[in-house]
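Here is a short briefing for someone meeting this structure for the first time. Look over the sequence and the model, then read on.

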Amino acid sequence: MPELPEVETIKRGLQGLILNKKIVQVHVLCEKSWRGPAQLVEGQSVIELERRGKALLMKLSNGLWIMTHLRMTGQLIYVGDERYAAGHPDANFTAEMPSRHTRIYFDFEDGTHLYFNDLRKFGYMSLMEDEDLAQDAFLNSLGPEPWVMSEDDFYQRLQRHKSAPIKAVILDQKVIAGVGNIYADEGLFLAKIYPGRLAGEVSRREASALLKGLREVMQRSIDSGGSTMKDYVRADGTKGSYLEKFANVFRREGKCCPNCGSEIKKTRVAGRGTHFCAECQK
DNA sequence: CTAGGATCCTGTCAGC
DNA sequence: TGCTGACAGGATCCTA
């Protein structure tokens, strides 16, 4: 689930909560979810947080890094006097920690905790040295961040995958970093491009609109605080969804297109659930 | 090199 | 109620 805006939200949220706090113990409840000698983390503190695409990097005081990839169902939950939960939105946001989906957690010196939960165990935390980071296959193959890439570069990259559906191409992290299923659908909607169109059929002008659309919807998500506990549980206690804050089509099948009023459809493109307006997106 | 499908894992939901 | 299959906000590995 967590795509670029969600990871950015986590990064910003944790910034004020865990920075420079000494980690006294690491609990690895699921071996699959952790890579590296966990004891090297104990006694250290997080001195810096970074994000690359959908990966979160925590730099430790001893120079090592913890790279976290949340994949489909990962979430990070900080519990202290205040609680901060972000990532894949589900009932764990408000549940007692650790829960049965907690894979790893950290105890800080001040008695607070950080929990890494991941229902499907696709995500992981990896302890790395500078050298490992420099050689990491995933990080090295990442395409540029949406705000860094030029429109020309984006168009050229699309042209390298002429016979794949445009949606499949923008989901490819080697093409552009951080786009996942939600923002792919939303960006294509804003650019008025049908997700199944072959990338080779996308014009230079449309590519430009698509890059702008992706930036716009991601920025809107980041500005409104991504997926956190706050919007999962509304002030009145009812369950909300952060998608309400920016989504025009995602998980809105059967509802009205905010643009033209016709019915939003759901189909499959590139093996993924895909939402679009057949009137607006050609 | 690209494109497409299976795969990792757990849970939920629709349909019988 | 209980079973079965489809599907899920991701990325990799394998094959053609």
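This is a predicted model: local features need pLDDT of at least 70, side-chain atom pairs count only at pLDDT 80 or more; totals for chains, interfaces and linings use all residues.

Residues are numbered from 1 along each chain as its sequence is written, while chains are lettered from A and ligands numbered from 1 in the order in which they are written.

**The mixed sheet**

- Helices (H or I, at least four residues) and strands (E, at least two) are DSSP runs, numbered from the N terminus.
- Two strands pair if DSSP finds at least two bridges between them.
- An open sheet is built from five strands, ordered β2-β10-β5-β4-β3, with mixed pairing.
- At its edges lie β2 (34–35) and β3 (46–52), each of which pairs on one side only.
- Helix α1 (residues 4–18) packs on this sheet and touches β3 and β4 (55–60). The direction of α1 makes about 170° with that of β3.
- A contact here means that the C-beta atoms of two residues, placed from the backbone, lie within 7 Å.
- Axes are lines fitted to C-alpha atoms, for helices over the stretch in contact, and angles run from 0 to 180 degrees between N-to-C directions.
- Five bridges link strand β5 (residues 65–69) with strand β10 (residues 124–128) in the antiparallel sense. M67 has S126 of β10 as its bridge partner.

**The antiparallel sheet**

- Strand β6 (residues 74–79) pairs with strand β9 (residues 113–118) over six bridges, in the antiparallel sense.
- Within that pairing, G74 has D118 as its bridge partner, and Q75 stands opposite N117.
- β6 also runs antiparallel to strand β7 (residues 83–87), joined by five bridges.
- The hairpin from β6 to β7 passes through three residues.
- Strands of a sheet pair through backbone hydrogen bonds, either parallel or antiparallel.

**Burial and the core**

- A residue is buried if 20 or more other C-beta atoms lie within 10 Å of its own, exposed if 12 or fewer, and partly exposed in between, with C-beta atoms placed from the backbone.
- β6 is mostly covered, with five of its six residues buried. β7 is mostly covered as well, with four of its five residues buried.
- A nonpolar core is a set of buried Ala, Val, Leu, Ile, Met, Phe, Trp, Tyr and Cys residues joined through C-beta atoms within 7 Å.
- The largest such core has 68 residues, and I170, V179 and L188 have the most contacts inside it.
- Leaving out residues up to four places away in sequence, L188 touches I166, K167, I193, P195, L210, F276 and Q281.

**The DNA surfaces**

- A residue is near a strand if its C-beta atom, placed from the backbone, lies within 6 Å of it.
- Around DNA strand B lie R100, L119, R120, K121, F122, R160, H161, K162, S163, A164, A168 and G271.
- These residues divide into four nonpolar, three polar and five charged.
- In this count, Ala, Val, Leu, Ile, Met, Phe, Trp, Tyr, Cys and Pro are nonpolar, Asp, Glu, Lys and Arg are charged, and the others, Gly among them, are polar.
- DNA strand C is surrounded by 19 residues, the closest being M1, F138, G180, N181 and G273.
- That surface holds nine nonpolar, six polar and four charged residues. α3 (137–141) and α6 (181–190) each supply at least two residues to it.

**Two single residues**

- V46 is in strand β3. V46 counts as buried because it has 24 C-beta neighbours inside 10 Å.
- Not counting residues up to four places away in sequence, V46 touches I18, L19, M58, K59 and L60.
- E129 sits in the loop between β10 and α2 (130–135). With 13 other C-beta atoms within 10 Å, E129 is partly exposed.
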